[in-house]
Amino acid sequence: MALKYNKKYLEKLAKKILDGKATEAEKTFLQEYYQAFDKGPGISGELSDQQINFLKDEIKASLAAHLDVSGKKVVPLYRQTALRIAVAASIIFCLSIGGYFILNRPQPQPIAKNKTNDLAPGGNKAILTLAGGRQISLTDAKLGLLASQGSTIINKTADGEIVYNTHSGLLSAGGETYNTITTPRAGKWEVTLPDGSKVWLDACSSIHFPAAFTGTGRTVEITGQAYFEVIHNAAKSFRVTCNGQTVEDIGTHFNINAYPDEPIVKTTLLAGAIKVSNKAYARTLKPGQQAIIGHTNQIQVLNDVNTGEAIAWKNGLFRFDNAGIASVMRQVARWYDVDIQYEGDIPQRHFSGDISRSVNASKLLEILSYTGVHFKIEAAPDGRQGKKIIVTR
C-alpha cells in the first residue's frame, strides 16, 4: 500500500518534536509513520523498493551528523524518528524545482581532494581586551584568575567560561572601565557579566561592556550574534545596542543576529519581554515573536517564529528553515573560517533541516550536495593562507 501524507504537516510535526513541544500522541503518530515508511513498498507509488532502500541509506548517512564524536546517539528514539522524517522530507521535497529529485540525483562529487583540504569545525576561540588595551587569548589562558579590573575579578572556569565577579565593598568612585570579548571566524565563547547575566557569542562577534555596572543602568554593545539570559533588576535596566537599534530587557532570554553581511537584523524573544527600538520606531515583544529591521529601519514583528532555529547555533546545530544557498553559505563561512566563491549563477535551492556544527565541512557539504548543488574545497592560490569553498550548479 502506498504511503500518502501532507508534507507541510510532517515537517511541522518533526520540528515540534525537535523543539520538545510535541504531545505524546504526536510522537506516537510519527513513530508509527516512520515504521510504515520503513516497511512500505514506496511513497505515493512513486518509489520502487530499490529506490526506498537507497533513500534509507541516504537518510542514515545524513543522520551521522547528529552523532557525537564517540559515535553514540545523542537524541532519544522519537527525536531520531523526527530527524529521519525531516531529512527524508528535505531530500525529497525541499527543492525549489520540485519533484522527486532523488530519483535521478547525480552521485556526489568529491568535495575535498584529501584530508588536508578539509575544514575542521569552529570551537572555543576568543580574545579579551582589557581597559588600557592589554589583550588575553582566552583560548590559551590557564584556568583561574585572568585579571582584575578595579573592583572586578575575572576568572576562567573549568568549563572554559569567563566569569566577572564584582565586590561591592571595593567599588570605585571613578568612571566605568570597559572590556571587550571578540570571537574570530570559527570561534565562540560564553561569558558571565558582572551582574550575573550570561551571554553566548557566536563566530565573528563581540561584546563591549563595563567591568562593573556602577551606574543606574546596564548597557552593553554587541556585533555579530549573541544570546542573552539576563538577570532582571528593576532598578537597573539592561540594554543591548547594535547596528543602530537598542534592545531593552524586562527580565528575559533573547537572541540577536546583527551580522553586517546579513540583510536584516533579527531579535528573537524566547522568554520574558523586551523592547526593540531605534531612532524612529519602538516595539515590545512577547515570547515567540521576532523583530526584524531592514534597510528602511522600520521594525516588523513576526509572530510564532521558530525560536529553535534562532538559537540552534548556541545548541551546536545549523538549523535551516527554507534557507537559500547564499544564507547557508554565509553561516558556513563564519563557522569554518573559509571564503566562498560562486561559479556561474547562484543555484536556486532551499534547505531545511538540522546538521551538527561539530562535523567537518566536507560532511556538511556532502549532505547539502544531495540537492544537486556542487561544492569543492580548495586551498587558496599562490601559497596564500586559508581555503575556499567553490559553489557551482
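Residues 24 or more positions apart account for 52% of the contacts in the protein chain with a separation of 6 or more. The model is a predicted one. Its protein chain has seven helices and 24 strands, and buried residues make up 48% of the 393 residues. The accessible surface comes to about 18900 Å², with 50% of that area belonging to carbon and sulfur atoms.

**Nonpolar cores**

- The largest nonpolar core holds 42 residues, and within this core Ile207 and Phe228 touch the most other members.
- Strand 11, residues 218-229, gives the most to this core, with four residues.
- Apart from this core lies another one of 25 residues, which includes Leu119, Val338, Ile367 and Phe375.
- When residues up to four places away in sequence are not counted, Ile207 touches Asn179, Thr180, Ile181, Leu193, Val199, Leu201, Val220, Glu221, Ile222 and Phe228.
- As a general background, nonpolar side chains tend to be buried together in soluble globular proteins.

- Three strands form an open sheet in the order 21-24-23, with mixed pairing.
- Strand 21 (339-342) and strand 23 (374-379) stand at the edges with a single partner strand each, so one side of each is left without a neighbour in the sheet.
- From one strand to the next, the twist averages 25 degrees.
- Strand 21 and strand 24 run parallel and are joined by four bridges; Gln341 has Ile390 in strand 24 as its bridge partner.
- Helix 6 packs on the sheet and touches strand 21, strand 23 and strand 24, its direction making about 150 degrees with that of strand 21.
- Helix 7, residues 361-368, lies across strand 23 and strand 24 and runs at about 160 degrees to strand 23.

**Thr392 in strand 24**

- Thr392 lies in strand 24, which covers residues 387-392.
- Thr392 counts as buried because its relative accessibility is 18%, the cut-off for buried being under 20%.
- Leaving aside residues up to four places away in sequence, Thr392 touches Glu343, Pro347, Val373 and His374.

**Helix 6**

- Helix 6 comprises the twelve residues 325-336, which at 1.5 Å a residue should span 16 Å; its end C-alpha atoms are 16 Å apart, so the two values agree.
- The buried residues of helix 6 are Ile325, Val328, Met329, Val332, Ala333, Arg334, Trp335 and Tyr336.

- Strand 4 (residues 144-149) pairs with strand 5 in the antiparallel sense over five bridges, and Gln149 stands opposite Thr152 in strand 5.
- Two residues separate strand 4 from strand 5 in their hairpin, and Gly150 in the turn has a positive phi of about 60 degrees.
- Strand 5 also pairs with strand 6 (residues 162-166), in the antiparallel sense and over five bridges; here Ile153 stands opposite Asn165 in strand 6.
- The hairpin of strand 5 and strand 6 has five residues between the strands, and in this hairpin Gly160 takes a positive phi near 90 degrees.
- Strand 5, residues 152-156, has a covered face made up of Thr152, Ile154 and Lys156, while Ile153 and Asn155 form the uncovered one.

Definitions and conventions. Residues numbered from 1 in each chain as written. Predicted model: local features only at pLDDT ≥ 70, side-chain atom pairs only at ≥ 80, totals over all residues. Heavy atoms only, no water. Core = buried A, V, L, I, M, F, W, Y, C linked by side-chain atoms within 4.5 Å. Buried < 20%, exposed > 50% of the residue type's maximum accessible area, 1.4 Å probe, protein only. Contact = heavy atoms within 4.5 Å. Expected span 1.5 Å × (residues − 1). Pairing = 2+ DSSP bridges. Axes fitted to C-alpha atoms, helices over the stretch in contact; angles between N-to-C directions. Areas by Shrake-Rupley, 256 points an atom, 1.4 Å probe, with all protein chains shown as cover.
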